[in-house]
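Here are some notes for a colleague who is opening this structure for the first time. They are meant to be read with the sequence and the model side by side.

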Amino acid sequence: MGKFMAGPRLLNAISEAKERPSPLQLEQFHDGAECDRICTEHEPPRVCYFHWIAENYAAMGSACGDCRWGNRSHCFHPQCVTADGMERGVLAINRRIPGPTIHVCQNDMVVVDLKNHMEGLESTIHWHGAHQYATPWMDGVPMITQCPIPHGTTFRYAFTASEPGTQLYHSHSGHQKANGHYGLFVVRSPTDINRHLYDYDLAEHHIVISDWTLDMVEKFVPGLQSSTVRMDSILINGRGRHFDEEEHELQVQAPLTVYRVKKGFRYRFRLVSSGSQFCPFQLQVSCLCVCVIKRDHHWYKKKPISIFYISKIRTNIKK
């Protein structure tokens with residue numbers, strides 16, 4: 001918040017908040033999935049509603065059936081979190097890692113009811129990339145912009161999606177982000193100046209990279225020497241594989257993320273890093289023409305690239 005909300009600006013924001021109309025009624029809400037659409041300049045903004053449950057969960061748990069024994073169909077059960085194929089405790093939103101993806105248009109209102117079912121834990125959600133000038137109390141930083149959400153209670157986030165681009169939401173409490181509390185937050189612009197550079201901007205074409213350990217991160221941080229703190233695998237959209245040091249082989253039971261495209265068309269891919277302990281990541285795309293067109297809300301002149309590095313930033317690529 002800092003200088004942006006200091007002095008008169010803070011008082012003005014509070015004054016405006018008191019003058020806001022009465023709370024929105026449920027009949028005014030659109031289901032969040034309905035807000036994933038082509039954005040146009042003359043369409044009125046929507047109120048996009050999401051209901052999330054944050055809870056303790058398990059990767060490769062009972063919901064995955066025989067996935068770990070090679071039954072690939074079980075790996076795609078709606079509540080199966082495979083991660084890197086190793087069973088371990090996680091923190092999930094709606095029993096998914098990453099959490100539910102948000103796709104809205106610029107100036108839509110995002111409304112998220114977050115229910116905390118995590119035993120003995122408090123939490124908040126920070127909207128990384130949303131400036132929150134008008135609603136700083138929705139920024140999700142515990143003990144600064146809001147009180148943490150206690151176990152067994154629900155907190156409603158409501159703010160305008162004012163900054164177009166590829167963004168990230170994540171927990172801002174403890175090591176919850178490193179244990180699975182993160183997700184993609186996309187705000188599409190109806191006046192995208194690079195729209196002519198791609199044919200498709202599909203919701204499934206996103207790349208969320210995260211580091212992952214074989215046990216809860218609290219086991220390693222803090223307390224151990226830095227030389228013993230390491231990541232065991234890298235996940236893309238919550239999927240990856242790990243090397244079994246006892247068996248001395250790569251465990252390949254867990255499926256990887258697969259993208260489908262058609263030859264001759266140009267696709268926009270959205271890339272974001274959810275790295276928690278380690279950075280940067282190096283990404284290379286072989287046998288395809290890749291161009292960076294936007295980074296951290298800033299448009300780029302079309303720039304071909306083959307290898308790039310990503311830390312805790314957002315980058316859009318076109319291939």
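**Notes on the predicted model**

1. Please keep in mind throughout that this is a predicted model. R239 sits in the loop between β11 (233-236) and β12 (242-244). Although R239 is buried, it has no salt bridge, and the nearest side chain of opposite charge, that of D84, is 11 Å away.

2. The largest nonpolar core has 24 residues, of which W52, I102, V104, V110, W127 and F185 touch the most other members. At least two residues of this core are supplied by each of β2 (47-59), β3 (88-93), β4 (102-105), β5 (109-116), β6 (125-128), β7 (154-160) and β9 (182-188), and the largest share, four residues, comes from β2. Another core, of 15 residues, lies apart from this one and includes A59, A83, A92 and V272.

3. F185 deserves a separate look: apart from neighbours within four places in sequence, its contacts include I102, V104, V110 and W127, as well as F159, L168 and Y169.

4. Four strands form an open sheet of mixed pairing, in the order β4-β9-β8-β6. Because β4 and β6 stand at the edges with a single partner strand each, one side of each is left without a neighbour in the sheet. On average, and with direction ignored, neighbouring strands of this sheet are turned by 20° against each other. Within the sheet, β8 (residues 165-171) pairs with β9 in the antiparallel sense over six bridges, and L184 in β9 is the bridge partner of L168.

5. How many salt bridges does a search of the whole structure find? The search finds twelve. In one of them D36 is joined to R188, with the closest N and O atoms 2.8 Å apart; since D36 lies in the loop between β1 (30-31) and β2 while R188 is in strand β9, the pair ties together parts that are 152 residues apart in sequence. D36 is partly exposed, at 35% relative accessibility, whereas R188 is buried, at 8%.

6. Another salt bridge links E43 to R37, the closest N and O atoms being 3.1 Å apart; E43 counts as partly exposed at 24% relative accessibility, and R37 is buried at 12%. K219 and D215 also meet through their side chains, at 3.6 Å from N to O, with K219 exposed at 54% and D215 partly exposed at 28%. Finally, salt bridges that share partners join D36, R188, D201 and R270 into one network.

Technical notes:
Residues are numbered from 1 along each chain as its sequence is written. This is a predicted model: local features need pLDDT of at least 70, side-chain atom pairs count only at pLDDT 80 or more; totals for chains, interfaces and linings use all residues. Side-chain values use heavy atoms; hydrogens and water are left out. Buried means under 20% relative accessible area, exposed over 50%, partly exposed in between (1.4 Å probe, protein chains only). Lys and Arg count as positive and Asp and Glu as negative; His and the chain ends are not counted. A salt bridge is a side-chain nitrogen of Lys or Arg within 4 Å of a carboxyl oxygen of Asp or Glu. A nonpolar core is a set of buried Ala, Val, Leu, Ile, Met, Phe, Trp, Tyr and Cys residues joined through side-chain atoms within 4.5 Å. Contact means heavy atoms within 4.5 Å. Two strands pair if DSSP finds at least two bridges between them. Axes are lines fitted to C-alpha atoms, for helices over the stretch in contact, and angles run from 0 to 180 degrees between N-to-C directions.
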